[in-house]
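Welcome! Please take a moment to look over the chain below, and then we can walk through it together.

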Amino acid sequence: MLFRSEVAEEACFQLGVARDYINWIGAVARAMALNATHGQDNFELVGLCQFLTDTSLPGIESSISEFAAMVPDSGGTAQ
């Protein structure tokens, strides 16, 4: 059985990971906006965005399911 402190620690870690991915995707989006008028790297930047979302979403979905299963009234499902 997990203690509340362990759940909170894992939640903080997962939220930090999500924050990092959001910051990275935002930075790539800003770079794409600059490249739209000054460069030609948008194809590569779009590929990077796709990679970041493809590799982060399964981990986020897994964490959501894991935490939902720990909540007694959730029935193991998340919104």
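Where is the place of Q14? Q14 sits in helix 1. Keep in mind as you read that this is a predicted model.

**The chain as a whole**

Let us step back for an overview. The chain has two helices and zero strands. Of its 79 residues, 15% are buried. Its accessible surface comes to about 6200 Å², and carbon and sulfur atoms account for 63% of that area. If you take the contacts between residues at least 6 apart in sequence, 44% of them join residues at least 24 apart.

**Around Q14**

Now back to our starting residue. Is Q14 buried or exposed? Q14 counts as buried because its relative accessible area is 16%, and the cut-off for buried is under 20%. Which residues does Q14 touch, leaving aside its neighbours within four places in sequence? They are I60, S63 and F67. Within its own stretch of the chain, the side chain of Q14 is joined to that of E10 by a polar contact of 2.8 Å. As a general point, an α-helix has 3.6 residues a turn, so residues three or four places apart point the same way.

**Helix 2**

Helix 2 covers residues 42-70, which makes 29 residues. From first C-alpha to last, helix 2 reaches 42 Å, close to the 42 Å expected at 1.5 Å a residue. Even so, helix 2 has a kink of about 25° at S56, shortly before the proline P58.

**A charged pair**

How many salt bridges does the structure hold? There is one, and it brings together the side chains of R19 and D20, at 3.9 Å from N to O. In general, side chains of opposite charge can pair when their charged atoms come close. R19 is exposed, whereas D20 is partly exposed.

| Residue | Relative accessible area | Class |
|---|---|---|
| Q14 | 16% | buried |
| R19 | 52% | exposed |
| D20 | 31% | partly exposed |

Terms used:
Residues numbered from 1 in each chain as written. Predicted model: local features only at pLDDT ≥ 70, side-chain atom pairs only at ≥ 80, totals over all residues. Heavy atoms only, no water. Helix = DSSP H or I, 4+ residues; strand = E, 2+ residues; numbered from the N terminus. Expected span 1.5 Å × (residues − 1). Bend = angle between axes of the 7 residues up to and from the residue. Salt bridge = Lys/Arg side-chain N within 4 Å of Asp/Glu carboxyl O. Buried < 20%, exposed > 50% of the residue type's maximum accessible area, 1.4 Å probe, protein only. Polar contact = N/O pair within 3.5 Å; in protein donor to acceptor, adjacent residues only side chain to side chain. Contact = heavy atoms within 4.5 Å. Areas by Shrake-Rupley, 256 points an atom, 1.4 Å probe, with all protein chains shown as cover.
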